Amino acid sequence: QLHVVESGGGLVQPGGSLSLSCVVSGITFDWHAIGWFRQAPGKEREGVSCISSSGDGTDYADSVKGRFTISRDNAKNTVYLQMNSLKPEDTAVYYCDAPQQSHCSGFVDSSLGFASWGQGTQVTVSP
């Protein structure tokens, strides 16, 4: 069964940076695209970014393009999300998910839906 551990969240001022990590087990990691989604209080889950199984393909929500960068290390079963120029509207719990496919189609736009396998990591952007 899929198991994920998200980490790296915290409190940061607007304009600051954070780097999130997601360690995945229970699946053949390099067969799967891995994506990040987030959920803010009182709001629906929102796709943030996705990276294909090989790492060659990435996708980002319009709200984070140019500020966030996703990457993966298949040798470590880990996906990273580098978040720069953070804004208060980025405040949310961030989760990672492994859709049953090698590409990212349908993840960021929520067509595939999202599943929270871990506890998530809280990101708070506030002065």
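1. **The Phe37–Phe114 pair.** Phe37 and Phe114 are both buried. In this predicted model, Phe37 has a relative accessibility of 0%. That value counts as buried because the cut-off is under 20% relative accessible area. The Phe37 and Phe114 ring centres are 4.8 Å apart and the planes meet at 15 degrees, so this pair is stacked. Phe37 belongs to strand β4, while Phe114 sits in the loop between β9 and β10, so the pair ties together parts 77 residues apart in sequence.

2. **Other aromatic pairs.** How many aromatic pairs does a search of the whole structure find? The search finds 3. One of them joins Phe37 and Tyr95. This pair is stacked, with 5.2 Å centre to centre and 15 degrees between the planes. It too links distant parts of the chain: Phe37 is in strand β4, Tyr95 is in strand β9, and 58 residues separate them. Tyr95 counts as buried, at 14% relative accessibility. Ring pairs join Phe37, Tyr95, Phe107 and Phe114 into a cluster.

3. **Arginines over rings.** Two cases deserve a look. Arg45 lies over the face of Tyr95, 6.0 Å from the ring centre. Tyr95 is also a member of the ring cluster with Phe37, Phe107 and Phe114. Elsewhere, Arg72 places its charged end over the ring of Phe29, 4.4 Å from the centre of that ring.

4. **The nonpolar core.** The largest nonpolar core contains 37 residues. Ile34, Trp36, Phe68, Leu81, Met83 and Tyr94 have the most contacts inside it. Which elements give two or more residues to this core? They are β3 (18–25), β4 (34–39), β5 (46–51), β7 (68–73), β8 (78–83), β9 (92–97) and β10 (121–125). β9 gives the most, with 5 residues. As general background, nonpolar side chains in soluble globular proteins tend to be buried together.

5. **Tyr94 up close.** Tyr94 is one of the core residues with the most contacts. What does Tyr94 touch, not counting residues up to four places away in sequence? Its partners are Glu6, Leu20, Trp36, Phe37, Arg38, Val48, Phe68, Leu81, Met83, Gly120, Thr121 and Val123. Trp36, Phe68, Leu81 and Met83 are themselves among the residues with the most contacts inside the core. Phe37, the ring discussed above, is also touched by Tyr94.

6. **Disulfide Cys22–Cys96.** A search of the whole structure finds 2 disulfides. One joins Cys22 to Cys96, with an S to S distance of 1.8 Å. The torsion about the S-S bond is about 65 degrees, so this disulfide is right-handed. Cys22 is in strand β3 and Cys96 in strand β9, so the bond ties together parts 74 residues apart in sequence. Cys22 counts as buried at 0% relative accessibility. Cys96 also counts as buried, at 0% relative accessibility.

7. **Disulfide Cys50–Cys104.** The S to S distance between Cys50 and Cys104 is 2.2 Å, and a disulfide joins them. Is this disulfide left-handed or right-handed? The torsion about its S-S bond is about -85 degrees, so it is left-handed. The pair links distant parts of the chain, with Cys50 in strand β5 and Cys104 in the loop between β9 and β10, 54 residues apart. Cys50 and Cys104 are both buried. With the bonded cysteines of the protein chain numbered in sequence order, the pairing reads 1-3, 2-4.

8. **His32.** His32 is placed in the loop between β3 and β4. Is His32 buried or exposed? It is buried, with a relative accessible area of 10%. Its side chain reaches the backbone oxygen of Pro99 at 3.0 Å. Leaving out residues up to four places away in sequence, His32 touches Ile27, Ser52, Ser53, Arg72, Ala98, Pro99, Gln100, Gln101 and Ser102. Arg72 is the residue whose charged end sits over the ring of Phe29.

9. **Gly26.** Gly26 is also in the loop between β3 and β4. Gly26 is exposed, with a relative accessible area of 53%, whereas His32 is buried. Which residues does Gly26 contact beyond its neighbours within four places in sequence? They are Gln1 and Leu2. Gly26 and Leu2 are 24 residues apart in sequence, yet their C-alpha atoms are 4.6 Å apart in space.

Technical notes: Residues are numbered from 1 along each chain as its sequence is written. This is a predicted model: local features need pLDDT of at least 70, side-chain atom pairs count only at pLDDT 80 or more; totals for chains, interfaces and linings use all residues. Side-chain values use heavy atoms; hydrogens and water are left out. A nonpolar core is a set of buried Ala, Val, Leu, Ile, Met, Phe, Trp, Tyr and Cys residues joined through side-chain atoms within 4.5 Å. Buried means under 20% relative accessible area, exposed over 50%, partly exposed in between (1.4 Å probe, protein chains only). Helices (H or I, at least four residues) and strands (E, at least two) are DSSP runs, numbered from the N terminus. Contact means heavy atoms within 4.5 Å. Rings of Phe, Tyr and Trp (its six-membered ring) pair if their centres lie within 6.5 Å; planes under 30 degrees apart count as stacked, over 60 as edge-to-face and the rest as tilted. A charge sits over a ring if NZ of Lys or CZ of Arg is within 6 Å of the ring centre and within 35 degrees of the ring normal. A polar contact is a pair of N or O atoms within 3.5 Å; within protein, one must be able to donate a hydrogen and the other to accept it, and residues adjacent in sequence count only if both atoms are side-chain atoms. A disulfide is a pair of cysteine sulfur atoms within 2.5 Å.
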